[in-house]
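The following note sets out points on the ligand site and on the aromatic pairs. It is intended to be read beside the structure.

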Amino acid sequence: MADTDGKPGRNCALCPRLATFRNRWREKEPTWFNAPVPSFGPLDARLLIVGLAPGLQGANRTGRPFTGDYAGVLLYETLARYGFARGEYAAHPDDGLKLIDCRITNAVRCVPPENKPTPAEINTCREFLIATIAEMRKLTAILALGRIAHDSAVTALGAKKSATPFKHGGAHKLGEIKLFSSYHCSRYNTNTGVLTPEMFRKVFANIRTYLES
Ligand code: URA
(Lines give C-alpha, C1' and ligand atoms only; values in the text may rest on other atoms or scores of the structure.)
Protein backbone atom coordinates (compact mmCIF):
# COMPACT_ATOMS: atom_id res chain seq x y z
CA MET A 1 0.00 0.00 0.00
CA ALA A 2 0.97 3.61 -0.33
CA ASP A 3 2.77 5.25 2.55
CA THR A 4 1.33 8.60 3.59
CA ASP A 5 4.13 10.36 1.70
CA GLY A 6 3.03 9.16 -1.76
CA LYS A 7 5.59 6.39 -2.00
CA PRO A 8 4.76 2.69 -2.30
CA GLY A 9 5.48 0.74 0.86
CA ARG A 10 7.86 -2.23 0.74
CA ASN A 11 4.89 -4.60 0.70
CA CYS A 12 2.69 -2.58 -1.65
CA ALA A 13 -0.10 -4.91 -2.80
CA LEU A 14 -1.89 -2.60 -5.21
CA CYS A 15 -0.88 -4.84 -8.15
CA PRO A 16 -1.54 -8.45 -7.08
CA ARG A 17 0.42 -10.00 -9.95
CA LEU A 18 3.51 -7.88 -9.17
CA ALA A 19 3.23 -8.57 -5.45
CA THR A 20 3.09 -12.33 -6.10
CA PHE A 21 6.08 -12.13 -8.44
CA ARG A 22 8.03 -10.07 -5.91
CA ASN A 23 7.23 -12.51 -3.09
CA ARG A 24 8.45 -15.41 -5.20
CA TRP A 25 11.75 -13.62 -5.74
CA ARG A 26 12.03 -12.78 -2.02
CA GLU A 27 11.98 -16.51 -1.34
CA LYS A 28 14.39 -17.36 -4.12
CA GLU A 29 16.83 -14.50 -3.55
CA PRO A 30 16.44 -13.20 0.02
CA THR A 31 19.49 -10.93 -0.28
CA TRP A 32 18.03 -8.99 -3.22
CA PHE A 33 16.10 -5.74 -2.75
CA ASN A 34 12.82 -7.26 -4.11
CA ALA A 35 10.58 -4.25 -3.37
CA PRO A 36 9.25 -1.12 -5.10
CA VAL A 37 12.40 0.71 -6.22
CA PRO A 38 12.53 4.30 -4.93
CA SER A 39 13.50 7.30 -7.06
CA PHE A 40 17.18 8.22 -7.11
CA GLY A 41 18.58 11.75 -7.10
CA PRO A 42 17.92 15.09 -5.45
CA LEU A 43 14.37 16.33 -4.86
CA ASP A 44 15.30 19.80 -6.06
CA ALA A 45 16.45 18.56 -9.49
CA ARG A 46 15.09 20.28 -12.60
CA LEU A 47 15.19 17.08 -14.67
CA LEU A 48 13.22 13.89 -13.96
CA ILE A 49 13.96 10.78 -16.02
CA VAL A 50 11.15 8.23 -16.19
CA GLY A 51 12.10 4.66 -17.02
CA LEU A 52 9.77 1.72 -17.51
CA ALA A 53 10.19 -0.61 -14.53
CA PRO A 54 13.02 -2.24 -12.57
CA GLY A 55 14.88 -5.04 -14.32
CA LEU A 56 14.77 -8.35 -12.44
CA GLN A 57 18.50 -8.67 -11.83
CA GLY A 58 19.18 -4.96 -12.06
CA ALA A 59 17.19 -2.39 -10.08
CA ASN A 60 15.07 -5.11 -8.44
CA ARG A 61 18.24 -6.73 -7.14
CA THR A 62 20.17 -3.60 -6.19
CA GLY A 63 17.37 -1.20 -5.18
CA ARG A 64 18.51 1.74 -7.34
CA PRO A 65 16.94 2.56 -10.73
CA PHE A 66 18.91 1.26 -13.72
CA THR A 67 21.65 -0.06 -11.41
CA GLY A 68 22.95 -3.46 -12.43
CA ASP A 69 20.76 -3.24 -15.53
CA TYR A 70 22.38 -3.29 -18.95
CA ALA A 71 20.41 -0.11 -19.71
CA GLY A 72 22.18 1.67 -16.86
CA VAL A 73 25.57 1.58 -18.55
CA LEU A 74 24.52 3.86 -21.40
CA LEU A 75 22.21 5.94 -19.20
CA TYR A 76 24.76 6.76 -16.48
CA GLU A 77 27.57 7.31 -18.98
CA THR A 78 25.39 9.78 -20.89
CA LEU A 79 24.26 11.53 -17.70
CA ALA A 80 27.91 12.06 -16.71
CA ARG A 81 28.77 13.37 -20.19
CA TYR A 82 26.08 16.06 -19.91
CA GLY A 83 26.87 17.03 -16.33
CA PHE A 84 23.90 15.26 -14.73
CA ALA A 85 26.05 12.77 -12.79
CA ARG A 86 29.36 12.82 -10.97
CA GLY A 87 31.53 9.88 -9.90
CA GLU A 88 32.02 6.39 -11.18
CA TYR A 89 29.01 4.23 -12.03
CA ALA A 90 29.92 0.75 -10.80
CA ALA A 91 26.52 -0.97 -11.04
CA HIS A 92 26.11 -0.92 -7.27
CA PRO A 93 24.13 1.48 -5.05
CA ASP A 94 27.24 2.08 -2.92
CA ASP A 95 29.37 3.18 -5.87
CA GLY A 96 29.18 6.81 -4.73
CA LEU A 97 27.64 8.02 -7.99
CA LYS A 98 25.80 11.32 -7.46
CA LEU A 99 23.11 12.74 -9.69
CA ILE A 100 23.25 16.48 -10.30
CA ASP A 101 20.06 18.42 -11.04
CA CYS A 102 18.57 15.10 -12.15
CA ARG A 103 16.39 12.41 -10.61
CA ILE A 104 15.45 8.99 -11.94
CA THR A 105 12.22 7.12 -11.35
CA ASN A 106 10.17 4.43 -13.08
CA ALA A 107 6.61 4.41 -14.46
CA VAL A 108 6.13 1.12 -12.59
CA ARG A 109 8.04 0.67 -9.33
CA CYS A 110 7.99 -3.12 -9.05
CA VAL A 111 9.68 -5.59 -11.35
CA PRO A 112 7.16 -7.07 -13.80
CA PRO A 113 7.41 -10.60 -15.22
CA GLU A 114 9.12 -10.54 -18.64
CA ASN A 115 9.75 -6.80 -18.22
CA LYS A 116 6.14 -6.20 -19.27
CA PRO A 117 3.79 -4.37 -16.93
CA THR A 118 0.09 -4.59 -17.84
CA PRO A 119 -1.93 -1.45 -18.67
CA ALA A 120 -3.73 -1.86 -15.31
CA GLU A 121 -0.40 -1.96 -13.43
CA ILE A 122 0.84 1.13 -15.26
CA ASN A 123 -2.38 2.95 -14.35
CA THR A 124 -2.25 1.82 -10.74
CA CYS A 125 1.36 2.82 -10.23
CA ARG A 126 0.79 6.26 -11.77
CA GLU A 127 -0.26 7.68 -8.40
CA PHE A 128 3.39 7.37 -7.35
CA LEU A 129 4.64 9.06 -10.51
CA ILE A 130 2.17 11.91 -9.91
CA ALA A 131 3.42 12.24 -6.32
CA THR A 132 7.05 12.21 -7.50
CA ILE A 133 6.34 15.00 -9.99
CA ALA A 134 4.43 16.99 -7.37
CA GLU A 135 7.22 16.85 -4.79
CA MET A 136 9.83 18.26 -7.22
CA ARG A 137 9.39 21.98 -6.76
CA LYS A 138 11.98 22.97 -9.38
CA LEU A 139 10.94 20.43 -11.99
CA THR A 140 11.35 21.90 -15.48
CA ALA A 141 11.89 18.92 -17.78
CA ILE A 142 10.96 15.26 -17.89
CA LEU A 143 12.68 12.71 -20.09
CA ALA A 144 10.54 9.65 -20.78
CA LEU A 145 12.42 6.54 -21.84
CA GLY A 146 10.17 4.64 -24.21
CA ARG A 147 6.53 4.88 -25.18
CA ILE A 148 5.08 3.43 -21.96
CA ALA A 149 6.95 5.94 -19.79
CA HIS A 150 5.99 8.71 -22.23
CA ASP A 151 2.28 7.84 -22.16
CA SER A 152 2.24 7.50 -18.39
CA ALA A 153 4.00 10.85 -17.95
CA VAL A 154 1.54 12.51 -20.36
CA THR A 155 -1.39 11.20 -18.32
CA ALA A 156 0.33 12.09 -15.03
CA LEU A 157 0.70 15.66 -16.30
CA GLY A 158 -3.01 15.79 -17.17
CA ALA A 159 -2.55 15.92 -20.95
CA LYS A 160 -4.23 13.86 -23.66
CA LYS A 161 -2.22 11.03 -25.22
CA SER A 162 -3.83 11.65 -28.65
CA ALA A 163 -2.54 15.23 -28.65
CA THR A 164 0.86 14.27 -27.27
CA PRO A 165 2.23 11.37 -29.32
CA PHE A 166 5.49 9.61 -28.53
CA LYS A 167 8.37 10.27 -30.90
CA HIS A 168 12.04 9.60 -30.33
CA GLY A 169 13.70 13.01 -29.98
CA GLY A 170 10.32 14.71 -29.65
CA ALA A 171 9.28 17.24 -27.02
CA HIS A 172 5.99 18.71 -25.81
CA LYS A 173 5.43 21.67 -23.50
CA LEU A 174 2.80 20.57 -20.99
CA GLY A 175 2.05 23.44 -18.63
CA GLU A 176 5.28 24.42 -16.88
CA ILE A 177 7.06 21.21 -17.85
CA LYS A 178 8.72 20.23 -21.11
CA LEU A 179 8.41 16.51 -21.79
CA PHE A 180 11.26 15.07 -23.87
CA SER A 181 11.09 11.51 -25.17
CA SER A 182 13.59 8.91 -26.27
CA TYR A 183 13.59 5.30 -27.25
CA HIS A 184 14.37 3.28 -24.14
CA CYS A 185 18.09 2.57 -23.65
CA SER A 186 17.40 -1.16 -23.23
CA ARG A 187 19.78 -3.89 -24.29
CA TYR A 188 17.37 -4.84 -27.10
CA ASN A 189 17.16 -1.30 -28.50
CA THR A 190 20.90 -0.68 -28.32
CA ASN A 191 21.87 -4.11 -29.71
CA THR A 192 19.49 -3.76 -32.65
CA GLY A 193 20.58 -0.19 -33.39
CA VAL A 194 17.11 1.23 -32.71
CA LEU A 195 18.91 3.55 -30.28
CA THR A 196 22.56 4.43 -30.81
CA PRO A 197 24.68 6.24 -28.21
CA GLU A 198 24.77 9.23 -30.59
CA MET A 199 20.95 9.34 -30.81
CA PHE A 200 20.74 9.18 -27.03
CA ARG A 201 23.35 11.93 -26.58
CA LYS A 202 21.43 14.21 -28.94
CA VAL A 203 18.38 13.94 -26.66
CA PHE A 204 20.49 14.96 -23.65
CA ALA A 205 22.14 17.76 -25.61
CA ASN A 206 18.65 19.13 -26.35
CA ILE A 207 17.65 18.88 -22.69
CA ARG A 208 20.84 20.62 -21.57
CA THR A 209 20.26 23.43 -24.09
CA TYR A 210 16.67 23.79 -22.90
CA LEU A 211 17.63 23.94 -19.23
CA GLU A 212 20.32 26.55 -19.83
CA SER A 213 18.24 28.74 -22.18
N1 URA B 1 15.95 -0.43 -14.98
C2 URA B 1 15.11 0.51 -14.50
O3 URA B 1 15.17 0.90 -13.34
N4 URA B 1 14.21 1.01 -15.34
C5 URA B 1 14.12 0.65 -16.62
O6 URA B 1 13.27 1.18 -17.33
C7 URA B 1 15.01 -0.33 -17.08
C8 URA B 1 15.91 -0.84 -16.25
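1. A residue counts as buried when its relative accessible area is under 20%, and as exposed when that area is over 50%. The model under discussion is predicted. By this cut-off W32 is buried, because its relative accessibility is 14%. W25 falls in the buried class as well, since its relative accessible area is 13%.

2. A search of the whole structure returns eight aromatic pairs. One of them joins W25 and W32, which are stacked with 5.3 Å from centre to centre and 0 degrees between the planes. The pair formed by F180 and Y210 is edge-to-face: the centres are 5.7 Å apart and the planes stand at 65 degrees.

3. Around the ligand are G51, L52, A53, P54, G55, A59, P65, F66, D69, N106 and H184. By residue class, this shell comprises six nonpolar, four polar and one charged residue.

4. At F66, a backbone N or O atom lies 2.9 Å from an oxygen atom of the ligand. A53 places a polar backbone atom 3.0 Å from a nitrogen atom of the ligand.

5. What share of the ligand's own accessible area does the protein cover? On its own the ligand has 240 Å² of accessible area, and the protein covers 94% of that area.

Terms used:
Residues numbered from 1 in each chain as written. Predicted model: local features only at pLDDT ≥ 70, side-chain atom pairs only at ≥ 80, totals over all residues. Heavy atoms only, no water. Near = heavy atom within 4 Å. Polar contact = N/O pair within 3.5 Å; in protein donor to acceptor, adjacent residues only side chain to side chain. Areas by Shrake-Rupley, 256 points an atom, 1.4 Å probe, with all protein chains shown as cover. Nonpolar A, V, L, I, M, F, W, Y, C, P; charged D, E, K, R; others polar. Phe/Tyr/Trp six-rings, centres within 6.5 Å; stacked < 30°, edge-to-face > 60°. Buried < 20%, exposed > 50% of the residue type's maximum accessible area, 1.4 Å probe, protein only.
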